[in-house]
Amino acid sequence: MNILEVNGLCKSYRDFALKDITFSVPEGCIAGFIGVNGAGKTTTLKSILGLVRPSAGQIRIFGLDMVKDEREIKDRIGVVFDDGQFYMELTLKEMKNVLAAAYSSWSEQDFSGWLERFELSPRQKISELSKGMRMKFALALALSHKAELLLMDEPTSGLDPLIRTEFLHVLTDYMEQGGKGVLFSTHITSDLDKVADMLVMIDRGRIAFQEEKDALMDSYRIIKGDPAMLSEETRKLFLKLEENTFGFTGITKEADRVMKLMPGVLSERAAVEDIMLANLG
Ligand code: ATP
């Protein structure tokens, strides 16, 4: 079953448009949402949540319609956004009291547990939190009302490597409960190498690909070799090619043909970042 289905989503600003955004997140899946600055990740996430009004398209979450069943859906999702969603003058406890009231399945026990795990004090004022601490607080809130889908916009930006690793553990623990889904945007693609099951890439307002991560990673190879080996024919096998007098580095989806036509080149596994850069239009 798909936890999230986005179908034909369109949204136009003066100088930018989301065009026919269609993808889905199956149950049990951590989906990474990638794309360069300004590609449309935040606009897509905001459109899914109804925070901006799309001009076309349908959003289904848990099989429910986002327009008709917005209240029920919002009760069952956890949201982490980068921009200020808190009243700065409140303490964590006061802010929690305001937000917890909106959820039917709020768990005080879960919340206290998360604060402890993230080493946050309920008596601290939000204005006194560092960026990373604020992000942890947002995550604690999102995880404390039995949410079945987490939608997060760059939740790890500004977090140090230690906390990022902790965050990735939290995500995998969360998934182990079963029946859950996660969609999160990030520029830290190495995090996706570690935890994502699926990758959705957006480029200039269009979906470039949606694919299961392992299959995606298996379909690309990084090739390195002597530029003298490049011919008009072999160049065409690469999606992206960089060369200097010492050597060339290219990315291909046709590794078998490359290896046959250019024996002796080095072939390496591509990283998520390489694949993203190879798919920019
Ligand atoms: P980043 O990685 O930098 O966060 P993003 O992929 O999240 O980028 P968006 O924030 O969705 O990108 O922005 C996509 C485009 O939409 C940008 O060109 C941006 O200027 C434009 N845009 C976003 N919000 C508005 C708005 N309220 N009015 C007009 N244009 C907007």
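## Questions about a predicted fold

User: Which residues does Ile77 touch, not counting residues up to four places away in sequence?

Analyst: Good place to start, and please keep in mind that this is a predicted model. Ile77 sits in strand 6, which runs over residues 77–80. To count as a contact, heavy atoms must lie within 4.5 Å. With the residues up to four places away set aside, the partners of Ile77 are Leu49, Ile61, Phe62, Tyr103, His145, Ala147, Leu149 and Leu151.

User: Does Ile77 count as buried or exposed?

Analyst: The relative accessibility of Ile77 is 2%. The limit for burial is under 20%, so Ile77 counts as buried.

User: How far apart in space are Ile77 and Leu143, C-alpha to C-alpha?

Analyst: Along the sequence, 66 residues separate Ile77 from Leu143. In space, their C-alpha to C-alpha distance is 9.1 Å.

User: Which residues does Lys74 touch, again not counting those up to four places away?

Analyst: Lys74 belongs to helix 2, residues 70–75. With a relative accessible area of 27%, Lys74 is partly exposed. Leaving out residues up to four places away in sequence, Lys74 touches Leu49, Met66, Tyr103 and His145.

User: What is the distance between the C-alpha atoms of Lys74 and Lys93?

Analyst: Lys74 and Lys93 are 19 residues apart along the chain. Their C-alpha atoms are separated by 22 Å.

User: How are helix 4 and helix 5 oriented, roughly parallel or roughly antiparallel?

Analyst: Two packed helices are described by the angle between their axes and the distance between the axes. Here the axes of helix 4 and helix 5 come within 9 Å and cross at roughly 155°. Angles over 145 degrees count as roughly antiparallel. Therefore helix 4 and helix 5 are roughly antiparallel.

User: What class of residue makes up the contact of helix 4 with helix 5?

Analyst: On the helix 4 side, Phe111, Trp114 and Leu115 take part, and they meet Phe137, Ala140 and Leu141 in helix 5. The contact has no polar and no charged residues, and its six residues are nonpolar.

User: How many aromatic pairs does the model have?

Analyst: Rings of Phe, Tyr and Trp pair if their centres lie within 6.5 Å. Under this rule the count of aromatic pairs is eight.

User: What kind of pair do the rings of Phe111 and Phe137 form?

Analyst: A pair of aromatic rings is described by the distance of the centres and the angle of the planes. For Phe111 and Phe137, the ring centres are 6.3 Å apart and the planes stand at 70°. Planes over 60 degrees apart meet the cut-off, so this pair is edge-to-face.

User: Which helices hold Phe111 and Phe137?

Analyst: Both residues count as buried, Phe111 at 2% relative accessibility and Phe137 at 0%. The pair ties together parts that are 26 residues apart in sequence, because Phe111 lies in helix 4 and Phe137 in helix 5.

User: Which residues form one aromatic cluster with Phe111 and Phe137?

Analyst: The cluster is built from aromatic residues, with Phe111 and Phe137 among them.

User: What about Glu154, and what is its phi?

Analyst: Glu154 is found in the loop between strand 7 and helix 6. Although Glu154 is not a glycine, its phi is positive, at about 45°.

User: Which residues is Arg164 in contact with, leaving aside neighbours within four places in sequence?

Analyst: Arg164 is in helix 6. At 15% relative accessibility, Arg164 counts as buried. Its contacts, with those neighbours left aside, are Thr156, Leu159, Ile188, Ser190 and Asp191.

User: Finally, what percentage of the residues in the protein chain are buried?

Analyst: The chain has 11 helices and 14 strands, and its C-alpha trace spans about 65 × 40 × 35 Å along the principal axes. Of the 281 residues, the buried share is 48%.

Conventions. Residues numbered from 1 in each chain as written. Predicted model: local features only at pLDDT ≥ 70, side-chain atom pairs only at ≥ 80, totals over all residues. Heavy atoms only, no water. Axes fitted to C-alpha atoms, helices over the stretch in contact; angles between N-to-C directions. Helix = DSSP H or I, 4+ residues; strand = E, 2+ residues; numbered from the N terminus. Parallel < 35°, antiparallel > 145°, perpendicular 65-115°, else oblique. Nonpolar A, V, L, I, M, F, W, Y, C, P; charged D, E, K, R; others polar. Phe/Tyr/Trp six-rings, centres within 6.5 Å; stacked < 30°, edge-to-face > 60°. Buried < 20%, exposed > 50% of the residue type's maximum accessible area, 1.4 Å probe, protein only.
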